[in-house]
Amino acid sequence: MTCHTMAERLIQASRQRRAKAMTAAAGLAGQAAVPLLLCALLAPSGAYVLDDSEGLGREFDGIGAVSGGGATSRLLVNYPEPYRSEILDYLFKPNFGASLHVLKVEIGGDGQTTDGTEPSHMHYALDENYFRGYEWWLMKEAKKRNPNITLIGLPWSFPGWLGKGFNWPYVNLQLTAYYIVTWIVGCKHYHDLDIDYIGIWNERAFDVNYIKVLRRMLNHQGLQHVKIIASDNLWEPISASMLLDPELLKVIDVIGAHYPGTLTVKDARLTKKKLWSSEDFSTVNSDMGAGCWGRILNQNYVNGYMTSTIAWNLVASYYQQLPYGRCGLMTAQEPWSGHYVVEAPVWVSAHTTQFTQPGWYYLKTVGHLERGGSYVALTDGLGNLTVIVETMSHKHSRCIRPLLPYFNVSHQFATFDLKGSFSQIPELQVWYTKLGKPSERFLFKQLDSLWLLDSGGSFTLELQEDELFTLTTLTSGRKGSFPPPPKPQRFPSVYEDNFNIDYPFFSEAPNFADQTGVFEYYVNMEDPGDHRFTLRQVLNQRPITWAADAFNTISVIGDYTWSNLTIKCDVYIETPEKGGVFIAGRVNKGGILIRSARGIFFWIFANGTYRVTGDLAGWIIYSLGHADVTAKKWYTLTLTLNGRFSSGKLNGKTLWKNISVNFPENGWAAIGTHSFEFAQFDNFRVEASH
């Protein structure tokens, strides 16, 4: 005789009612009475009061996610419709999917910020363009779906000119504050977007005087409503600095910490400011990642009084072999096929987001369950109540960081007593998730309502490991769906792009993932011929870095499993004497690891030489020699990799051949430049066989 979970019984009961097998159901209920009684005797139970009569806890600020830090939404923009809109609906549409309350975006700074670079709105001091990249577009799409969504901007890297020769954004505080304020003003002027919160410098040092200068400049521009969040790193030293400096305490509205492990510190609480986990999760979006997310969404408040939790990242829309592959709430990394996956963290989010809103309040009566797990309860102050219960086990809820101390979760009964203004609630809707074995797995399933009129406002849940229950007075919850997207496909084995677009919607060409440097569509006004429309590397100065950007610029594309392939591209060096460009195959690393990328790199230089190297940095030299090359002229490079051998052509004539290459065996195709310099690329073509 086995004890079924309450959820399984409720699901079973729903099915029986749908079949209208009333007599059979009655018979089964009679048979089930004995084992249920045994279960109740065997499993210990705890009693928990949900009460507002002593006042309420902290104000809830919403659940959200980060696009950026960096280039994590890169492939999303190239999805064909209707799939792109479907993905956006799953993320942002209220009462449909993840239904996020908060969107945090990177303020592009031209530097490598985890999985790629995002372009700045000001590559140079006198250069302003509020249509580069895709974060403006994404914010507008989010706002379209949820006009109340909270928008946050945060810089990771900064364009090099702000550092005046130093790798440091605080050389001229006024200038950096001006740069950030122009982004906020540009958001409003060009896209009608109101930024709600602005950050300082992601996971790097803060400067107390810069924060004050930024506040003054925001106020001077009439942006008093834009609040400051700091420091997007650890709780300290920002909290202690605020306690020691009354002006700093006044200008910072929210203390944001990253990966706090559900815990905060005394100084942060003493500031009396809002406390947020302003970046969290970063875990593969499997059931383990969903368990991590479910646990921290509750326990960040229960243990640490954090009223907002923001996931890195929003959607895994970058090549999976880049660092932290598939660490998004859902996966959309195949614009060429239209395939995407609505992963479990979307439905874990829904347990909170669909039944609360920023402006609701947590009850003071929240806490841990006796046998492991936690519960929170929130109210809108208008009679609505939402209770979220999680029993995520240690084994299935580890986040990527920090280390999770051991705890145990076991089978239990939890009795909740509704007191205060909630004592007269007649009915609660029930939503249920069970993570784990496919045979027992349910994601965001609506069960039968609980009727409370006869129970004096009391109800009992039977809880097993790795479950989530939402019990709510709201009836608006919905598990949204679309017809299945197309099946997954490999990146096309023959791919070409001539970049001939008059008015591109995005500044970057599809599927190219910039890893150092920024490659943008470009129109050659003085070249009406074959190369009027090109792709141009537009940085001539190293940015103020967040990660270890390479000293060369590089953009990767294609299928990481590619081994045998021919890459062909027209190239144009703009810098006399010192300039150089390359095409490459089997590039095996990207993101924050880009400096150590291996592959087969075919370089030509304006000084009339060529080089073949086994790495981006140029340390491993396979061949070098003279080539009839100069700046300001177009050349066609061809690189062929077949098994252990490689060869290269310049303008269709063999320049080198039969160079033996044993490592790496596979990787992306790529284009790039020798340093931070202007250069152009056209008529890119790759033909691959796996």
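In which sense do strand 4 and strand 5 pair, and over how many bridges? In this predicted model, strand 4 (residues 102-107) and strand 5 (residues 150-155) run in the parallel sense and are joined over 6 bridges, with Val 105 having Gly 153 of strand 5 as its bridge partner. Both strands belong to a barrel that 8 strands close in the order 3-4-5-6-7-8-9-10, with parallel pairing. Helix 10 (residues 287-304) packs on this sheet, where it touches strand 3 (62-67), strand 9 (274-281) and strand 10 (308-312), and the direction of helix 10 makes about 165° with that of strand 9.

A contact between two helices was also examined. The axes of helix 5 (residues 173-191) and helix 6 (residues 208-220) come within 9 Å and cross at roughly 45°, and helix 5 is therefore oblique to helix 6. The crossing of helix 5 past helix 6 is right-handed. On the side of helix 5, the residues that meet helix 6 are Leu 173, Gln 174, Thr 176, Ala 177, Tyr 178, Ile 180, Val 181 and Ile 184, whereas helix 6 contributes Asn 209, Tyr 210, Val 213, Leu 214, Met 217 and Leu 218.

Helix 11 (residues 344-353) is mostly covered, as 10 of its 10 residues are buried; among them are Pro 345, Trp 347, His 351 and Thr 353. In the model, the span of residues 362-477 is 0% helix and 46% strand, and its end C-alpha atoms lie 19 Å apart.

How values were computed. Residues numbered from 1 in each chain as written. Predicted model: local features only at pLDDT ≥ 70, side-chain atom pairs only at ≥ 80, totals over all residues. Heavy atoms only, no water. Pairing = 2+ DSSP bridges. Helix = DSSP H or I, 4+ residues; strand = E, 2+ residues; numbered from the N terminus. Contact = heavy atoms within 4.5 Å. Axes fitted to C-alpha atoms, helices over the stretch in contact; angles between N-to-C directions. Buried < 20%, exposed > 50% of the residue type's maximum accessible area, 1.4 Å probe, protein only. Parallel < 35°, antiparallel > 145°, perpendicular 65-115°, else oblique. Left-handed = near helix turned anticlockwise from the far one by under 90°.
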